[in-house]
Structure formats: C-alpha cells, structure tokens
Amino acid sequence: FSTDKVLLSKLISDREGALLHCNGIETSNGCILLAGSSGAGKTTLSTMLSQNGFNFIADDVMMIKKKRR
C-alpha cells in the first residue's frame, strides 16, 4: 500500500468509516458495492449497469461511513 492510502485509511477509520477496494453503483434504494479481485469484472459490470439507468459513482475505491442517528 502507498503511504497516502494508509494515511487516508487511518483518517477515515478515525471517523468511523472504511476505505474499500470496490466499485459503487447508486440505486433508488441506496448503493451497491461491487467487490472483487483485480480483473474480476467490477468495472465491466459497473459500466453495463450505468448504461441501463444506474449511476456509476466510484471506480476501484469506495469510502463507506457509519450513518449517524
């Protein structure tokens, strides 16, 4: 991992979040995370979904955060 990714992960973690290796697709109900190893087809599937009405919001890295109540 590069130093900037380690520092960013620590910063996000301190704020109750996580940095994930995945793509993000926005739906009417929230977001779908597509995880998989390199070459598994995350970008291909995300592109296909975006061509069919879904919003492609993240390619390769996605931040998630605990929802405050």
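Visitor: What share of the residues in the chain is buried?
Guide: Buried means under 20% relative accessible area, exposed means over 50%, and partly exposed lies in between (1.4 Å probe, protein chains only). Here buried residues make up 16% of the 69 residues. This is a predicted model: local features need pLDDT of at least 70, side-chain atom pairs count only at pLDDT 80 or more, and totals for chains, interfaces and linings use all residues. Residues are numbered from 1 along each chain as its sequence is written, and side-chain values use heavy atoms, with hydrogens and water left out.

Visitor: What is the mean pLDDT of the chain?
Guide: pLDDT is the predictor's confidence in each residue, from 0 to 100. Where pLDDT is low, the predicted coordinates should not be read in detail. The chain has a mean of 88, and 99% of its residues reach 70 or more.

Visitor: What is the strand order in the open sheet?
Guide: Strands of a sheet pair through backbone hydrogen bonds, either parallel or antiparallel. Two strands count as paired if DSSP finds at least two bridges between them. This open sheet has 3 strands in the order S3-S2-S4, with antiparallel pairing. S3 (30–35) and S4 (55–58) stand at the edges with a single partner strand each, so one side of each has no neighbour in the sheet. From one strand to the next, the twist averages 30°. Angles run from 0 to 180 degrees between N-to-C directions; the axes are lines fitted to C-alpha atoms, for helices over the stretch in contact.

Visitor: How many bridges join S2 to S3?
Guide: There are 6, and the two strands run antiparallel. A hairpin links S2 to S3 through 2 residues. Asparagine 23 stands opposite leucine 34 in S3. On the S4 side, S2 (residues 22–27) pairs over 3 bridges, also in the antiparallel sense. There, isoleucine 25 has phenylalanine 56 of S4 as its bridge partner.

Visitor: Which strands does H2 touch?
Guide: Contact means heavy atoms within 4.5 Å. H2 packs on the sheet and touches S2, S3 and S4, its direction making about 15° with that of S2. Threonine 43 lies in H2 and is partly exposed, with a relative accessible area of 38%. Leaving aside neighbours within four places in sequence, threonine 43 contacts Asn23, Phe56 and Asp59.

Visitor: Which side chains meet in a salt bridge?
Guide: The rule asks for a side-chain nitrogen of Lys or Arg within 4 Å of a carboxyl oxygen of Asp or Glu. The count comes to 1 salt bridge. Lysine 10 and aspartate 14 form it, at 2.8 Å from N to O. They are 4 residues apart in helix H1 (residues 3–14), which means about one helical turn separates them.

Visitor: Is lysine 42 buried or exposed?
Guide: Lysine 42 is buried, yet has no salt bridge. Lys and Arg count as positive, Asp and Glu as negative; His and the chain ends are not counted. The nearest side chain of opposite charge is aspartate 60, 4.9 Å away. Lysine 42 lies in H2 (residues 42–50). Beyond residues up to four places away in sequence, lysine 42 touches several others, including His21, Asn23 and Leu34.
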